[in-house]
Amino acid sequence: MDSSKLLIALFVFQVFSPCHMSIQAAPENSDLFREYIGAEFNNVKFTDVPIDSNVEFHFILSFAIDYDSTSGSPSPTNGKFNVFWDSDNLSPSQVSSIKSTHSNVKVALSLGGDSVGDSYAYFDPSSVDSWVSNAVSSLTDIIQDHYKALWQSYGDLIDYVNFQFYAYDQGTTVSQFISYFNTQSSNYNGGKVLASFISDGSGGLTPENGFFTACSRLKSENKLHGIFVWSADDSKRNGFRYEKQSQALLAISH
């Protein structure tokens, strides 16, 4: 796919069971950094986030969800996806602009989210055929017709697993994090599981309490396949200090 196109990816959310989809063999360390953006509508822009030219950087627009976006009580729409991110500040033209400024940046679309308004969001297909048909049509409208080509070419592959390690208890220790990481890597059959933290400090192993110590240890064991952060919306308050630290660690020669 041409690098100027909008990269669409399917991401795995809080899953604590083995994955039975096709996953590539375990790789070495990588310099991949990912950050979710736009879900909290606090006016964060692509240009607010520091981008190290020495890493592969993925912004993840969150979220496209197959729920209606206008009614007072949102309900599932059987594959007709709508935009639930801050599209005023994260528009197609702004995607083009950040990609033209930074050649190492890709922008991905995250399908499905935890909630819509005050309710949990669930995929609720009337049938597999109708859901897929509606999803292809609605997502094509959202991202200019690139999704279908990606789906046909890469739909049976998962390159990386964005595992929510911050869903574990607040106060997770370095040794516990390493244990969780090894367990999930085993669950995902040696796939490319990314380390993660939540920038509001509400769960898991936080940067203040040893996240980067754990990542350095994984890197020394050739297991650090990348880092992702939830989310730029929260990190804006602290000046993206941990985004800078994450990318600096990933950029160290491996």
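I began with Lys223, which is partly exposed at a relative accessible area of 29%. My cut-offs: buried is under 20% relative accessible area, exposed is over 50%, and partly exposed lies in between (1.4 Å probe, protein chains only).

I noted the ground rules. This is a predicted model, where local features need pLDDT of at least 70, side-chain atom pairs count only at pLDDT 80 or more, and totals for chains, interfaces and linings use all residues. Residues are numbered from 1 along each chain as its sequence is written, and side-chain values use heavy atoms, without hydrogens and water.

**Salt bridges**

I searched the whole structure and found two salt bridges (a side-chain nitrogen of Lys or Arg within 4 Å of a carboxyl oxygen of Asp or Glu). Lys223 pairs with Glu221, with the closest N and O atoms 3.4 Å apart. Glu221 is partly exposed too, at 39%. Asp234 bridges to Arg237, and here the closest N and O atoms are 2.9 Å apart. Asp234 is buried at 6%, whereas Arg237 is exposed at 63%.

**Helix α5**

Next I looked up α5, residues 211-220. Helices (H or I, at least four residues) and strands (E, at least two) are DSSP runs, numbered from the N terminus. Phe211, Phe212, Ala214, Cys215, Leu218 and Lys219 are buried in α5. Down the axis of α5, these buried residues fall within an arc of 155° (directions from the helix axis to the C-beta atoms), so they line one face.

What covers them? After α5 comes Asn222, with a positive phi near 65°.
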